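Here is a briefing on one protein chain, written for a first look. Keep the structure open as you read, and find each residue as it comes up.

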Amino acid sequence: MRITSVETSVVALPFTMGGPHPPFAGRPWDRLEILLVRVETEDGLVGWGEAFGHAAIPATKAALDSVVAPLAIGRDARAIEPLTRELMHATHLLGRNGAHLYAISGIEIALWDLLGKRANQPVWALLGGRQRDSLPAYASLLSYANDLPLVAKNTAEARAAGYRHIKLHEVTREAVIVAKEAAPDAAIMLDVNCAWTPPVARDMAESLAAEGLYWLEEPVWPPEDAAGLANLRRHGMRLSAGENTAGLFGFKTLVEAGAIDIAQPSVTKIGGIGEMLRVFRLCQAHGVEVIPHCPYFGPGFVATLHIAAALCERPLVEVLWLEMEANPFDPWVRARDGQVAVPQGPGLGCDPDPAILARYAMAPPVRTETRFAA
Ligand SMILES: [Mg+2]
C-alpha cells in the first residue's frame, strides 16, 4: 500500500499560561504552533503525525518538504521499520539529531495511525497493550522566570485542578520551596533544561537534597555529558533526561554510564514510535524507568498516550500547564482531574477537526505527491 502524498501544515493556537508569555528567538511565545504531517496512501486512507516543534518548526518543515517527504513517496506505508531505517540512513549525513530526525518522526507517527486504521485497531493494541480508559498526568508548568508568587499561584491551581505531580521549569531552590508550600501533598519535579555545569549541579543537588524532589530533570550541560550525570546521580537524587538524546544509541550511552533513573524519550524528536519501542526495551534490560517527554498538542501527544498506555509500568503523562483557545485534536489533548483519556478508535483514534484546522492555519499546506498509473 504505497504512500501517494505527504502534506505539511502548521496551526498556531493562542494560549494563556498563568503569567507573562516568555520571549523565545526574539519574539513573545504566545501561540502554540503544531507541525502536522498528513500522509495518504493509494487507497485514500489518511494518517496524521506531528514533527517537533515550537521554534524549530520552520527548519523541520523545510527538512520534510525538501528531503524526507520526497524520499517517502511511493514507499509501502505498512513497512514502517525498514522505511524508517532507510530514511535515517539516507539523511544521517545531515545530522543524527535535529530537524531531519524530527521530520522522520512526523511521518513515522502518521504511518502507525494508518496501520491502526487499516487493522481497525488502536495503536496501543498494536503495541500489545491492554485496554485502559485513562492515564495519570502531571502538570508541567512553564517558566515564570523565578517569579515566586507566580510559581506558588500556578502550583496551587494545578493541584486544585487534580494534578498530584507538578513539574517546575525554574532553576532555584526557592522556587521548589514555594511550590511545596503551595501544594504540600503533591510530588514536585524540577526541570532546569541543562542549566548547570557539573560542579554547579553538584552544589545545587546538595542544597536540594532535603526538598524531596520526585525527580531532577536535565541538570547538566551539555545533555550528552553521561559521566557528569552519573557523578551527580551518586548524590542520591533521582535524575531524568532524554528529550535531547539522539536515538537508541544516545540512550545506550546514558544507560550504560548509569546516568539516569528515568529516561524521557520524545516521540516527535527521536524518530517516532518504533525508536521509542527500542528505547523502552533497552531501559527494561537495565532497570531504568521510562516516562516519555511530550509537551506538545497534536498527534505526537496522542501517540504518547498510546505508548504510555501500552508500555509504561507507572504511566505519568506530561501535560503543559496552559489554556488553549481551541485545538483541532480536542478533547484528546487535554487533562481532566489530573487524568488524560486514551483514545479507543482505530490508529491514533482522533482525526483533526477540519474547521479548527482551517481557522488556525498559518499558511496553505505544502503537498509532496506522486501519481501512479492505475
Ligand atoms: Mg524537560
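The model is predicted.

- Two helices, α7 (198-208) and α8 (226-233), each give at least two residues to its lining.
- The lining residues divide into four nonpolar, two polar and one charged.

**The largest cavity**

- How many cavities of 30 Å³ or more does a search of the whole structure find? The search finds two.
- The largest cavity has about 80 Å³ of space.
- It is lined by 14 residues, and the closest to its centre are Glu-33, Glu-50, Gly-53, His-54 and Tyr-296.
- Strands β4 and β5 (46-51) are the elements that give two or more residues to this lining.
- The largest share, four residues, comes from β4.
- By class, the lining of the largest cavity has nine nonpolar, three polar and two charged residues.
- Domain 1 (3-120 + 352-369) and domain 2 (125-341) both give residues to the lining, so the largest cavity lies between them.

**The largest pocket**

- The largest pocket contains about 920 Å³ of space.
- Its lining has 34 residues, and Phe-24, Trp-29, His-54, Leu-142 and Asn-193 are the closest to its centre.
- Four strands each supply at least two lining residues: β2 (23-24), β3 (27-28), β4 (31-41) and β13 (317-320).
- The lining of the largest pocket divides into 15 nonpolar, nine polar and ten charged residues.
- Why does the largest pocket lie between domain 1 and domain 2? Both domains give residues to its lining, so the pocket lies between them.
- His-54 is listed for this pocket and also for the largest cavity.

**The second largest pocket**

- The volume of the second largest pocket is about 280 Å³.
- Of its 20 lining residues, Tyr-163, Leu-320, Trp-321, Leu-322 and Glu-323 are the closest to its centre.
- Helix α5 (148-160) and strands β13 and β14 (323-324) each provide at least two residues of the lining.
- Eleven lining residues of this pocket are nonpolar, four are polar and five are charged.
- Domain 1 and domain 2 both contribute to the lining, so the second largest pocket lies between them.

- Glu-217 lies in strand β9 (residues 215-217) and Glu-243 in the loop between β10 (239-241) and α9 (247-256), so the pair ties together parts that are 26 residues apart in sequence.
- Glu-217 and Glu-243 are both buried.
- UniProt, in an unreviewed entry, lists residues 148-238 as "domain: Mandelate racemase/muconate lactonizing enzyme C-terminal".
- The end C-alpha atoms of residues 148-238 lie 24 Å apart, and the span is 46% helix and 13% strand.

**Backbone details**

- Most residues other than glycine have a negative phi, and most peptide bonds are trans.
- Glu-218 is not a glycine, yet its phi is positive, at about 45 degrees.
- Glu-218 sits in the loop between β9 and α8.
- Is Glu-218 buried or exposed? Glu-218 is buried, because its relative accessible area is 3%, and buried means under 20%.
- Ala-145 also has a positive phi, of about 50 degrees, without being a glycine.
- Ala-145 lies in the loop between β6 (134-140) and α5.
- Ala-145 counts as exposed, because its relative accessibility is 67%.
- The peptide bond from Trp-221 to Pro-222 is cis, with omega near -5 degrees.
- Pro-222 is in the loop between β9 and α8.
- Asp-330 and Pro-331 are also joined by a cis peptide bond, with omega about 5 degrees.
- Pro-331 lies in the loop between β14 and β15 (339-341).

**A link across the sequence**

- Arg-85 lies in helix α2 (residues 80-91).
- Arg-85 counts as exposed, because its relative accessibility is 56%.
- Arg-85 and Gly-271 are 186 residues apart in sequence, and 9.5 Å apart in space from C-alpha to C-alpha.

Technical notes. Residues numbered from 1 in each chain as written. Predicted model: local features only at pLDDT ≥ 70, side-chain atom pairs only at ≥ 80, totals over all residues. Heavy atoms only, no water. UniProt positions renumbered as here; feature names shortened; annotations may be inferred. Buried < 20%, exposed > 50% of the residue type's maximum accessible area, 1.4 Å probe, protein only. 1 Å grid on protein atoms, 1.4 Å probe; cavity = no way out; pocket = protein on both sides within 12 Å on 5 of 7 lines; lining within 4 Å. Points joined across faces, edges and corners; volume = space filled by probe spheres on them. Nonpolar A, V, L, I, M, F, W, Y, C, P; charged D, E, K, R; others polar. Domains from an automatic or database assignment.
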